[in-house]
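Student: Please take me through one part of this structure slowly, as I am new to reading models. I would like to see how that part is connected to what lies around it.

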Amino acid sequence: PQSVLSSALANFNSEIALMGGTVHIGSQSARAVWTQPLLARSGQDVEIWLDWRALKQTETSYKVFVHLIQNDQLAAPPADYYTPLGGAFPTALWIPVWIEGQTVSDPHRLTLPATLAPGNYAIEIGLYDLFSKRRAPLFDHAGSLAGDRVILGPVSVR
């Protein structure tokens, strides 16, 4: 798993790695983590694909969160919280149960509210425990605690 971790965007609780992510807004797309804002308008759909890899078998049922934030505050209603694949592939119940090396490409849709004010936003994602509601800790490449979310990149709403 060490070589996997060196190419991962994020290591959640040393159980699940975010290997990549792609965001589509209209005709624009970007691979996570991007730095130039994607342009959007209120009411528009943001399509997000997250590529997960099991670092080891987990007995924790994680749900994915996808948020639009502004100044670290939730700026829009969150996308529905699901276990991967829209609820069809829970982390503790993957068949076979999530085993080391298993991967899944997981689609999400975040609809920007029609009333969303113009401004600069960001998309954050992460995992949380279905039962305790605690976010999964994020570890950096050195193995140190590095928060509980990944900022995929900026979005500018016009």
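Tutor: Let's start with a pair of residues: G119 has V157 as its bridge partner in strand β11. A strand here is a DSSP run of E with at least two residues, and strands are numbered from the N terminus. Before we go on, note that this is a predicted model, in which local features need pLDDT of at least 70, side-chain atom pairs count only at pLDDT 80 or more, and totals for chains, interfaces and linings use all residues. Residues are numbered from 1 along each chain as its sequence is written, and side-chain values use heavy atoms, with hydrogens and water left out.

Back to our strand. Two strands count as paired if DSSP finds at least two bridges between them. β11 also pairs with strand β4 (residues 38-40), this time in the parallel sense, over 3 bridges. There, S156 of β11 is the bridge partner of L39.

These strands are part of an open sheet of 5 strands with mixed pairing, in the order β4-β11-β9-β6-β7. At the edges sit β4 and β7 (73-74), each of which pairs on one side only.

How much of β11 is buried? Of the 8 residues in this strand (residues 150-157), 6 are buried, so the rest of the structure largely encloses it. Buried means under 20% relative accessible area, exposed means over 50%, and partly exposed is in between (1.4 Å probe, protein chains only).

P37 itself is partly exposed, at 40% relative accessible area. P37 and Y121 lie 84 residues apart in sequence, yet their C-alpha atoms are 8.7 Å apart in space.

Side chains of opposite charge can pair when their charged atoms come close. In a salt bridge, a side-chain nitrogen of Lys or Arg is within 4 Å of a carboxyl oxygen of Asp or Glu. E124 and R135 form one, at 3.7 Å from N to O. The pair links distant parts of the chain, with E124 in strand β9 and R135 in the loop between β9 and β10 (138-139), 11 residues apart. E124 is buried at 5% relative accessibility, whereas R135 is partly exposed at 33%. Both belong to a network of salt bridges that also links D72, D148 and R149.

The whole structure holds 6 salt bridges. Among them is the one between R109 and D45, whose closest N and O atoms are 3.8 Å apart. R109 lies in strand β8 (residues 103-111) and D45 in strand β5 (residues 45-54), so this pair ties together parts that are 64 residues apart in sequence. R109 also meets E47 in a salt bridge, at 2.6 Å from N to O.

Definitions and conventions. Helices (H or I, at least four residues) and strands (E, at least two) are DSSP runs, numbered from the N terminus.
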